[in-house]
Every structure is written in structure tokens, then in C-alpha cells.
Amino acid sequence: MDAGARELVMTGGEPTLVKELPRHIAQASEGGIRRIVLQTNAMRLANEDFTQRLVDSGLTSTVISLHSHRDDVLESITTLPNTMDRILRGIRKNTARIMISDGAWQDRLARLLPTSYVGVVGMVMRARGIEPR
């Protein structure tokens with residue numbers, strides 16, 4: 001890139017709903033961007049073909065926005081059934097480096113549970129057959 005940018009973070013709304021996302025990632029990669037980060041709720045990443053297209057286009061990292069560990073809360077946000085299962089399938093299918101962002105609930109959760117946030121995410125993942133990396 002002419003401006004010397006080395007990193008691009010795609011966020012805001014839900015970037016995986018942008019039809020041209022793989023093309024945008026490829027353009028950034030071809031333009032010299034070394035680190036391309038996608039912030040997403042991971043639901044579309046459950047589609048292996050879509051996820052592989054993103055990685056093949058140059059996606060290097062994914063930040064998963066996890067707004068709750070409770071299905072009822074997630075489903076009220078997304079208005080879709082089985083939201084946590086979809087998110088966890090997306091995490092499992094993603095081959096880019098993954099980081100999990102807690103949305104806004106980490107502080108509230110820490111006051112309610114003696115277990116750390118990371119421990120809670122790990123417990124949810126293990127309960128659904130995914131071993132955290």
C-alpha cells in the first residue's frame with residue numbers, strides 16, 4: 001500500500017455479511033498488507049468454503065466477538081436459533097489465528113462467577129466438543 005499500512009482490521013456491523021469480503025481481503029493482501037484481521041461473531045465461519053476463501057484470500061487473524069456465554073442472550077441479539085452452536089462451529093472451522101473478544105460482559109461475568117472469563121469460554125467450548133487452542 002502506498003501509505004505504508006501493514007495491518008487492516010475489518011470490523012463494524014458484521015463484516016462477513018459483505019458479499020465482496022474475500023475480494024477485499026485479497027486486494028489488501030496483494031497491496032502489501034501483512035496482517036489482515038476480521039472481527040466477527042463467527043457464525044458465517046461455520047461455512048467451510050466461505051472460511052477457506054477468506055484464508056486463501058489472505059486473512060491472517062480472526063477476533064471473535066462473543067457477547068455472552070448464554071444461548072438465550074445470544075439468540076436475542078442475533079434473532080437466530082442455536083447461535084452459540086453456530087459460533088462454535090465457526091471457531092472450529094476457522095484456520096486463521098483466533099482471539100476471542102468478550103463484547104461488554106466480561107466485567108459483569110467476573111463479578112458473578114469465580115471462574116475467569118477465559119475459563120468460562122473454555123468450558124462452553126469443551127461442553128460442545130471443541131478443545132480450545
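This is a predicted model: local features need pLDDT of at least 70, side-chain atom pairs count only at pLDDT 80 or more; totals for chains, interfaces and linings use all residues.
User: How many helices and strands are in the protein chain?
Analyst: The protein chain has six helices and four strands. Helices (H or I, at least four residues) and strands (E, at least two) are DSSP runs, numbered from the N terminus.

User: And what pattern does the chain follow along the sequence?
Analyst: Along the sequence, the pattern is β-α-β-α-β-α-α-β-α-α.

User: What share of the residues is buried?
Analyst: Of the 133 residues in the protein chain, 38% are buried. Buried means under 20% relative accessible area, exposed over 50%, and partly exposed in between, with a 1.4 Å probe and protein chains only.

User: What share of the contacts is between residues 24 or more positions apart?
Analyst: Such pairs account for 68% of the contacts with a separation of 6 or more. Contact here means heavy atoms within 4.5 Å.

User: Which residues have the most contacts inside the largest nonpolar core?
Analyst: They are Leu21, Ile25, Leu38, Leu45, Leu54 and Ile87, in a core of 20 residues. A nonpolar core is a set of buried Ala, Val, Leu, Ile, Met, Phe, Trp, Tyr and Cys residues joined through side-chain atoms within 4.5 Å.

User: Which elements supply it with at least two residues each?
Analyst: Helix H1 (21–30), strand E2 (35–40), helix H2 (48–57) and helix H4 (83–93) each do. H4 gives the largest share of this core, four residues.

User: What does Leu21 touch, leaving aside neighbours within four places in sequence?
Analyst: Leu21 is in contact with Met10, Pro15, Thr16, Leu38, Phe50 and Leu54.

User: Switching to charges. How many salt bridges are there?
Analyst: The count is two. A salt bridge is a side-chain nitrogen of Lys or Arg within 4 Å of a carboxyl oxygen of Asp or Glu. In one of them, Arg35 pairs with Glu7, and the closest N and O atoms are 2.3 Å apart.

User: Where do Arg35 and Glu7 sit?
Analyst: Arg35 is in strand E2 and Glu7 in strand E1 (residues 7–10), so the pair links distant parts of the chain, 28 residues apart. Arg35 counts as partly exposed because its relative accessibility is 29%, and Glu7 is partly exposed at 43%.

User: What about Arg70 and Asp72?
Analyst: Their side chains meet in a salt bridge at 2.5 Å, N to O. Arg70 is partly exposed at 41% relative accessibility, and Asp72 is partly exposed at 45%.

User: Is Ser65 buried or exposed?
Analyst: Ser65 counts as buried because its relative accessibility is 11%. Ser65 is in strand E3 (residues 61–65).

User: What does its side chain pair with?
Analyst: The side chains of Ser65 and Gln39 are joined by a polar contact of 3.0 Å. A polar contact is a pair of N or O atoms within 3.5 Å; within protein, one must be able to donate a hydrogen and the other to accept it, and residues adjacent in sequence count only if both atoms are side-chain atoms.

User: Which residues with a positive phi are not glycine?
Analyst: Ala42 has a phi of about 75 degrees, and Thr79 has a phi of about 60 degrees.

User: Where are Ala42 and Thr79?
Analyst: Ala42 lies in the loop between E2 and H2, whereas Thr79 is in the loop between H3 and H4. Ala42 is buried, with a relative accessible area of 0%. Thr79 counts as exposed, at 65% relative accessibility.

Conventions. Residues are numbered from 1 along each chain as its sequence is written. Side-chain values use heavy atoms; hydrogens and water are left out.
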